[in-house]
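Dear colleague,

Here is the structure I promised to hand over, and my notes on what was found in it follow below. Please read them with the model open beside you.

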Amino acid sequence: MTENAALPSWRDTRTRREIEEFVASVTDGPGAVPVEERVAVFDNDGTLWSEKPMITQLHYVVEQWRAAAERDPALAEKQPYLAAVSGDFGWLGTAIDKHYGGDDSDLKVIIQALVGLTDGMSVEDYARSVAEFYEVAQHPTLKRPYAETVYQPMVELLRYLELHGFTCYIVSGVSAISCAR
């Protein structure tokens with residue numbers, strides 16, 4: 001990517017100009033920051049990819065609960081498997097609301113079900129499971145692969161920073177991924 005092709009979907013706004021001015025201030029002249037010290041950190045959820053109607057990681061978990069209930073139909077009679085099988089996620093939302101209100105009774109049920117998904121699973125098998133999910137999963141309302149539901153301006157910003165020697169990290173409450181090249 002050339003300098004002129006950077007940020008093509010960004011309008012000429014104050015935000016864009018401030019980003020460009022900041023990058024110029026740390027990459028050129030007497031205030032230049034050494035390349036090895038240029039770091040940018042981004043949160044992924046809602047910034048780089050969609051988090052509505054549910055975060056991508058939750059979609060993965062729901063699909064795993066659904067598959068577990070298909071293998072063991074008795075699971076489909078209790079939460080959170082019932083929510084996964086029925087597609088009625090109100091119970092999950094209420095459980096989170098209860099947690100924020102200080103009642104963790106349903107949160108314990110969720111955690112137990114989460115632990116059950118990976119109990120005895122190797123890291124390699126887990127990675128394979130996640131990769132398989134992303135090969136076929138579609139955004140629930142947009143009906144396209146998750147790889148097509150990223151926020152293009154933010155992807156452009158990452159590439160722009162990398163072009164200027166930044167090491168970029170993407171983090172969330174559930175993961176940390178280096179996207180340095």
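Arg 38 counts as buried, with a relative accessibility of 9%, and its place is in the loop between helix 1 (14–27) and strand 1 (39–43). Please keep in mind, here and throughout, that this is a predicted model. Leaving out residues up to four places away in sequence, Arg 38 touches Val 26, Thr 27 and Val 33 as well as His 164, Gly 165, Phe 166 and Thr 167. Gly 165 lies 127 residues from Arg 38 in sequence, and yet the C-alpha atoms of the two are 6.7 Å apart in space.

The largest nonpolar core has 20 residues, of which Val 62, Trp 65, Tyr 81, Leu 92 and Ile 110 touch the most other members. At least two residues of this core come from each of helix 2, helix 3 (81–86), helix 4 (90–100) and helix 5 (105–118), and helix 2 gives the largest share, with 6 residues. Apart from this core lies another one, of 17 residues, which includes Ala 6, Trp 10, Leu 157 and Leu 161.

Trp 65 deserves a look of its own. If its neighbours within four places in sequence are set aside, Trp 65 is in contact with Pro 80, Tyr 81, Ala 84, Leu 92, Ile 110, Ala 113, Leu 114 and Leu 117. Pro 80, one of these partners, sits in the loop between helix 2 and helix 3, and the peptide bond that joins Gln 79 to Pro 80 is cis, with an omega of about 0°.

Trp 65 also takes part in the packing of helix 2 on helix 5, where Val 61, Gln 64 and Trp 65 meet Ile 110, Ala 113, Leu 114 and Leu 117.

On the side of helix 2 the contact involves Thr 56, Gln 57, His 59, Tyr 60, Glu 63 and Gln 64, and on the side of helix 6 it involves Tyr 126, Ser 129, Val 130, Phe 133 and Tyr 134. The residues of this contact divide into 5 nonpolar, 5 polar and 1 charged.

The aromatic side chains come next. The model has 6 aromatic pairs, and one of them, formed by Tyr 60 and Tyr 126, is edge-to-face, with 6.1 Å from centre to centre and 85° between the planes. Because Tyr 60 belongs to helix 2 (residues 56–71) and Tyr 126 to helix 6 (residues 123–136), this pair ties together parts that are 66 residues apart in sequence. Tyr 60 counts as buried, at 7% relative accessibility, whereas Tyr 126 is partly exposed, with a relative accessible area of 36%.

A further pair, between Phe 133 and Tyr 146, is tilted, with 6.2 Å from centre to centre and 35° between the planes. Phe 133 lies in helix 6 and Tyr 146 in the loop between helix 6 and helix 7 (152–163), so this pair ties together parts that are 13 residues apart in sequence. Phe 133 and Tyr 146 are both buried. Ring pairs join Tyr 60, Tyr 126, Phe 133, Tyr 134 and Tyr 146 into a cluster.

Finally, two backbone points to check by eye. Leu 7, in the segment before helix 1, has a phi near 55°, which is a positive value in a residue other than glycine. Lys 143, in the loop between helix 6 and helix 7, is likewise not a glycine and has a positive phi of about 55°. Is each of these residues buried or exposed? Leu 7 counts as buried, at 0% relative accessibility, while Lys 143 counts as exposed, at 58%.

With best wishes

Key: Residues are numbered from 1 along each chain as its sequence is written. This is a predicted model: local features need pLDDT of at least 70, side-chain atom pairs count only at pLDDT 80 or more; totals for chains, interfaces and linings use all residues. Side-chain values use heavy atoms; hydrogens and water are left out. Rings of Phe, Tyr and Trp (its six-membered ring) pair if their centres lie within 6.5 Å; planes under 30 degrees apart count as stacked, over 60 as edge-to-face and the rest as tilted. Helices (H or I, at least four residues) and strands (E, at least two) are DSSP runs, numbered from the N terminus. Buried means under 20% relative accessible area, exposed over 50%, partly exposed in between (1.4 Å probe, protein chains only). A nonpolar core is a set of buried Ala, Val, Leu, Ile, Met, Phe, Trp, Tyr and Cys residues joined through side-chain atoms within 4.5 Å. Contact means heavy atoms within 4.5 Å. Ala, Val, Leu, Ile, Met, Phe, Trp, Tyr, Cys and Pro count as nonpolar, Asp, Glu, Lys and Arg as charged, and the others, Gly among them, as polar.
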